[in-house]
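Reader: Could you walk me through this one before I set anything up? I would like the definitions stated as we go.
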Amino acid sequence: MKIWLIDATTYRRSLSPLQIENKRLYFRIKNYVKNHIVGPHEPPGQKCYSAGVLRIATILRHNGYDTEYIPLAEIDKMIENSERGALPDIVGFGAVTPTVPVCAHYSSLLKSSKNGIRIVLGGAHAHFASKTTMAKYPVFDEIVPDCDMVAAAKIIQSRPKDLSNPPLYIDYKILPEPLHNYCVNLFTSSGCKYHCGHCQDGLAVYNEYALDGGLSEVLVYLKPKTTIHYCDSVLGGSEKRAVEVCKKISSIKHNMLLSCDLRSEFISSELVENLVNAGFVELRMGLLSTDRHVLNNINRGGNPDKILETIKLIRKISKIYISIYITIGLPGSTTDAVDQLIRLVKHLLEKRYVDEVKCNLYVPYPNDDNTTSPIGVHIQNEDWTKYDRQSYPVYGLSKLTSDDIWNAFQKIEGEINISWDKAYELSRSGKIPDTCYPEYIISCYKL
Ligand code: SF4
């Protein structure tokens, strides 16, 4: 039995000329600031992989199944180069919302090229919009759940208890290129327990994995001072477990530079000290809105002032690189709320309270259970390829049209660059590097 697992979790986005200009400047400034704050380091590779798809490939190979891991960008070549008889018997796609229609297209092509191919779809989208997806794309034979052993068993129509657990959590040799060419992501949990109304992470099943996220296994492939990101929605899954994760990582001699995401409400001096001891050099936090009405509307609660106190605390006791990310167009947003956010972000950058601000658009991803969808969102486009955090909004809000949201997004991207540049006087002193910081995300844009 031959199996192809297609990693369709990343894709290339088309950007407008203004966005291209803004992104180029952003990554040039980042090149300077990241090196200035973090010091010399091996930057992340420009390719990415889904650890979930690789984990399933690891389980299937370990259990004797002829399984190939294929990035979505390679599928045309694979189909072209395969004789009819060499095509697989089973194809599993790991997809995100914008790639589901693309996977459906290749599924039809594969089914018309070889009779009896079984095609399954997995990933967070498939989990929280399974009924909607099957109704829209009946070409998929089955949706597989978001849990590695169960998903692996479903792919081969077996039972999890018939599969044995591989000794390695992930076998990185399955990747087509050496691990150091990729942006290395590890995780100690998946899904998120906090269920904020705007965020798909809260809809995924919550699972816990090894406390070090498999750090020891990647060390043999990487040079010292490589940047590694822990991609848990919230490091460790909870405040208490974040400390346990740090303690576990501190016991490993790794010499890597780590980053993670955390909720600002969790952060205490104890946690910051643990993060520093574990080798974390970058901390990312969401600054969703300064407007309590917006926060309540998305079930986020919390005090908007808390993040500012947290930032000051981190600055006082550490040299950690602080990234915050903001989301434009959240349900309940108004022009005033957006303007307030822009003013705050400019202040934080100009005074160097934070080292980086990432900006995304809110996307109301499809979801079978409409009762959990935020209120006041009016979907205007059912084409899932457009459900992307950097593309023109597929929705409008009660008080903001899609044009208003899009204009605010483009404006804030420009303002971030101006304030960031000003903070370091880069243009004035001619210090902006010519090259962009080689973050994996650059490869996802058509620059
Ligand atoms: S916004 Fe953050 S805390 Fe809330 S569900 Fe998403 S990942 Fe979890």
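Author: Let me start with a definition: a residue is near a molecule or strand if one of its heavy atoms lies within 4 Å of it. This is a predicted model, in which local features need pLDDT of at least 70 and side-chain atom pairs count only at pLDDT 80 or more, while totals for chains, interfaces and linings use all residues. Residues are numbered from 1 along each chain as its sequence is written, and side-chain values use heavy atoms, with hydrogens and water left out.

Reader: OK, which residues surround the ligand?
Author: The ligand is surrounded by Cys-192, Tyr-194, His-195, Cys-196, His-198, Cys-199, Asp-201, Gly-202, Ser-233 and Arg-263.

Reader: And how does that shell divide by class?
Author: The shell around the ligand has four nonpolar, four polar and two charged residues. Here Ala, Val, Leu, Ile, Met, Phe, Trp, Tyr, Cys and Pro count as nonpolar, Asp, Glu, Lys and Arg as charged, and the others, Gly among them, as polar.

Reader: Switching to sheets: in what order do the six strands run?
Author: The six strands form an open sheet in the order S6-S9-S10-S11-S12-S13, with parallel pairing. Strands (E, at least two residues) and helices (H or I, at least four) are DSSP runs numbered from the N terminus, and two strands pair if DSSP finds at least two bridges between them.

Reader: Which strands stand at the edges there?
Author: Strand S6 (184–186) and strand S13 (356–361) do, and each has a single partner strand, so one side of each is left without a neighbour in the sheet. Between S6 and strand S9 (residues 227–230), which run parallel, there are three bridges, and Val-184 has Ile-228 in S9 as its bridge partner.

Reader: What about the sheet with five strands?
Author: That open sheet has the order S2-S1-S3-S4-S5, and its pairing is parallel. Strand S2 (66–71) and strand S5 (142–143) are at the edges, each with a single partner strand, so one side of each is left without a neighbour in the sheet. Strand S1 (residues 2–8) is joined to strand S3 (residues 90–95) by six bridges, and Ile-6 stands opposite Phe-93 in S3.

Reader: Now helix packing: at what angle do H2 and H7 pack?
Author: Helix H2 (residues 51–62) and helix H7 (residues 148–155) pack at about 60°, with their axes 9 Å apart. Axes are lines fitted to C-alpha atoms, for helices over the stretch in contact, and angles run from 0 to 180 degrees between N-to-C directions. H2 and H7 are therefore oblique to each other, given that angles under 35 degrees count as roughly parallel, over 145 as roughly antiparallel, 65 to 115 as roughly perpendicular and the rest as oblique.

Reader: Which residues meet in that pair?
Author: Arg-55, Ile-56, Ile-59 and Leu-60 in H2 meet Asp-148, Met-149, Ala-151, Ala-152 and Ile-155 in H7, where contact means heavy atoms within 4.5 Å. By class, this contact of H2 with H7 has seven nonpolar, no polar and two charged residues.

Reader: And how do H13 and H14 cross?
Author: The axes of helix H13 (residues 335–350) and helix H14 (residues 402–424) come within 8 Å and cross at roughly 20°. H13 and H14 are therefore roughly parallel to each other, and their contact has nine nonpolar, one polar and six charged residues.
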